[in-house]
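Visitor: I have a model open and would like to go through it with you. Can we start with the overall picture and then get to single residues?

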Amino acid sequence: MLGTLFARPNCLLSRRNRYQLLTTLIINLISVSHGIGIGWLSPTLRKLQSNSPIGFEVKSEFEISWVGSMLGMGSVTGNILIATLLSRLGSKRCLLFLAIPHSCLWLLVYFAQSVEYLYVGRLLAGISGGGMYIVHPIFLSEISDANIRGTFSAMVMLSVNVGVLGGYIVGTHLAYHDIPWMVLVLPLFYFFSVLLFIRESPMHLIRKGKYAAAERSFRYYKNIKDGDNIIEQHRSMEEFEQMKMALTKGDDRKDAVTLKDFFSRPALRAYGPALVLLIANQFSGLFTMVNYMSDIFSKSGSTMNPDTSTIIIGAVQILGSYVTTLLCDICGRKLLMLVSTAGVAVSLIAFGCFTHYAQSYDLSEWSWVPLALMSMDIFLGNIGLVGCFYVCLVEMFPLKIRAKAASMAIVVCSCFVFVTLNIFPICMRQWGISATMWSCGGVSAFGFVFFAYFLKETKGKSMLED
C-alpha cells in the first residue's frame, strides 16, 4: 500500500519527483531567511522607537516608513537585476547570487550606528527577495512536472511565512545583537548547498544549445537511471524531445523575443488578469501588514499584547500557505483565488468596523476580535492571493514571452511593494486604521468580482503551452 502511494505521479516523495523536491527544499532556504528578515522588523521597529537597544532611535513617521519601504525599492532593483541576468547566466548562478546581499543585510543590522544602516540593509534584503521572486517561480516551473508544479511553487511562500514567524519570535524574545549571527548561518548553508547539489534547468540549457548537458539535467530532475525500465526511459525521453522541439522550432533566432510577441492574442489576454492580480496582491495590504503587524495591533483597540498577537498571526500564515500546497493542484488556482479575495474583503471590512467603534465604545471584552479577524484575513489571503500568486503569474503568460513577461510583472509588483510599504503608516496616521482597512478590503472585493469572470484556470497546464 505504501509503495502504491509513493508511486502516484503527484506524490512528492515518488521516485520521479525526489530530486525535484530536494531542489525545492534547498532553494527555499533563502526564502526562509528572507522571511526572517521581514518578520524581524515588526517587533524590532517598536523596540527602536523607544528604549532602543542600539545607539539611536527610529521615531519619526518619515524614518519608519522609509525603513519599511526600502525593502520595496530593493525588490525593484533585484527584479531588474536578476531578470537581466537570468537568460545570460542561468538559474544556478542567479540562485547563488541571492545569498550575497542577504548576508550583507545581517552584517549591517549588527554593526548599525544610525538609521541609514537599516535603510541600506533593508535595500539589500529587497534585492535578495526581489531576485528570489523572479528566479524561483521560473526555475521551479522549468524543472517540475505539471501535476506537482503548483505545490512546489506554493512552497516558496510557505517557506517565506515560516521565516516570518521565526522573525516575529526572535525579534520579540532575543537580544538585538544575537539575531544577526544566528540567521547568517542560513544564507551561507544555502550558498554551498546550491553550489553542490543544484543543476541548471534543462530549458535554459536547450536555449543555449547545450543539448547534451540539457539531457543530463532533465534525467537528473526526473530521476531517470540507465538501468530503469526501457519503456519508462523511452517515455521520459520522448518528453525531453518534445521540450527540445518546442524550444527550438527550426528558427535560427529562436531565442529572439520581439515587441510583436508582446502584442499577440494570447499575450494580450493575459495582461488584464495579471494586472488585477498584482493590484489585489499588494493593495489588499497582505504583505504590508506583515511588516507593520505589531503597530496594527497596538492601534486596533485590543488590549492583547501586540507582539504575542503578531506571533500568532505568523503561525496562521504558515497554516494558510501549507493549505495552499495541499490544494493548489487539487482544487485549482481560480477557486482558491475566489475564496481568498472574498475572505480578505470580509475580514478587513469587519476589522475596520471594530476599530471604528473601539474609538467610541469600551470593547475590552471583545479584545480577541481583532486577532480573530486578522487571522482570518491572513489565513484566507495566504491560500490564494499570496500562495498562488507566483504560480498564476508564471502560468498565465504564453511560452515565448513567459520569462520576460513574468519578470516585468514582478518588477511592477515590487514597485507596488515600495508604494504600499511607504504609504501604509502614513495612511494609518492621516485616515485612521479603520479607513485604511476598508480601502484594502475594497480592493480585495474588486479582485473577487474580476477573477470570477476573467481569471482562467491553469491547473495542469503544460509549460510548453501558450
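Visitor: What kind of model is it?
Guide: It is a predicted model.

Visitor: How many helices and strands does the protein chain have?
Guide: The protein chain has 21 helices and 0 strands.

Visitor: What are the spans along the principal axes?
Guide: The C-alpha trace spans about 70 × 55 × 50 Å along them.

Visitor: And how does the radius of gyration sit against a compact globule?
Guide: It agrees: for 466 residues a compact globule would come out near 23 Å, and the protein chain has 22 Å.

Visitor: What share of the residues is buried?
Guide: Buried residues make up 58% of the 466.

Visitor: What about the accessible surface of the protein chain, how much of it is carbon and sulfur?
Guide: The accessible surface is about 19400 Å², and carbon and sulfur atoms hold 66% of that.

Visitor: What share of contacts comes from residues 24 or more positions apart?
Guide: Among contacts with a separation of 6 or more, such pairs account for 82%.

Visitor: Now the inside. How many residues are in the largest nonpolar core, and which have the most contacts inside it?
Guide: That core has 117 residues, and Met374 and Phe451 have the most contacts inside it. Helix α6, residues 115–143, supplies the largest share, 12 residues.

Visitor: Different topic. How many salt bridges are there?
Guide: The count comes to 3 salt bridges. In general, side chains of opposite charge can pair when their charged atoms come close.

Visitor: Start with Glu142. Which side chain does it meet in a salt bridge?
Guide: Glu142 meets Arg207, at 3.1 Å from N to O. Glu142 lies in helix α6 and Arg207 in helix α10, residues 202–207, so the pair ties together parts 65 residues apart in sequence.

Visitor: Buried or exposed, those two?
Guide: Glu142 counts as buried because its relative accessibility is 9%, under the 20% limit. Arg207 has 26% and counts as partly exposed.

Visitor: Which residue does Lys222 pair with?
Guide: Lys222 pairs with Asp145 in a salt bridge of 2.6 Å, N to O. This pair links distant parts of the chain, 77 residues apart: Lys222 is in the loop between α11 (211–221) and α12 (230–247), and Asp145 is in the loop between α6 and α7 (146–173).

Visitor: Buried or exposed there?
Guide: Lys222 is buried, with a relative accessible area of 6%. Asp145 counts as buried too, at 9%.

Visitor: And the salt bridge of Glu395, what is the partner?
Guide: Its partner is Arg333, with 2.7 Å from N to O. Glu395 lies in helix α19 (residues 389–395) and Arg333 in helix α17 (residues 333–358), so this pair ties together parts 62 residues apart in sequence. Both residues, Glu395 and Arg333, are buried.

Visitor: What about Ser69, where does it sit?
Guide: Ser69 is in helix α4, residues 61–89. Ser69 counts as buried, at 0% relative accessibility. Beyond residues up to four places away in sequence, Ser69 touches Tyr292, Phe418, Leu421 and Asn422.

Visitor: Last one, the surface. Which residues form a nonpolar patch there?
Guide: Phe192, Leu195, Leu196 and Phe197 form one, with about 430 Å² of accessible area together. Phe197 is in helix α9, residues 185–197, and counts as partly exposed at 44% relative accessibility.

Methods:
Residues are numbered from 1 along each chain as its sequence is written. This is a predicted model: local features need pLDDT of at least 70, side-chain atom pairs count only at pLDDT 80 or more; totals for chains, interfaces and linings use all residues. Side-chain values use heavy atoms; hydrogens and water are left out. Patches are made of residues with over 30% relative accessible area and no salt bridge: like charges are joined within 9 Å, nonpolar side chains (Val, Leu, Ile, Met, Phe, Trp, Tyr) within 5 Å. Accessible areas come from the Shrake-Rupley method with a 1.4 Å probe; for residues, only the protein chains shown count as cover. A salt bridge is a side-chain nitrogen of Lys or Arg within 4 Å of a carboxyl oxygen of Asp or Glu. Helices (H or I, at least four residues) and strands (E, at least two) are DSSP runs, numbered from the N terminus. Buried means under 20% relative accessible area, exposed over 50%, partly exposed in between (1.4 Å probe, protein chains only). The radius of gyration is taken over C-alpha atoms; the globule rule is 2.2 Å times the number of residues to the power 0.38. Contact means heavy atoms within 4.5 Å. A nonpolar core is a set of buried Ala, Val, Leu, Ile, Met, Phe, Trp, Tyr and Cys residues joined through side-chain atoms within 4.5 Å.
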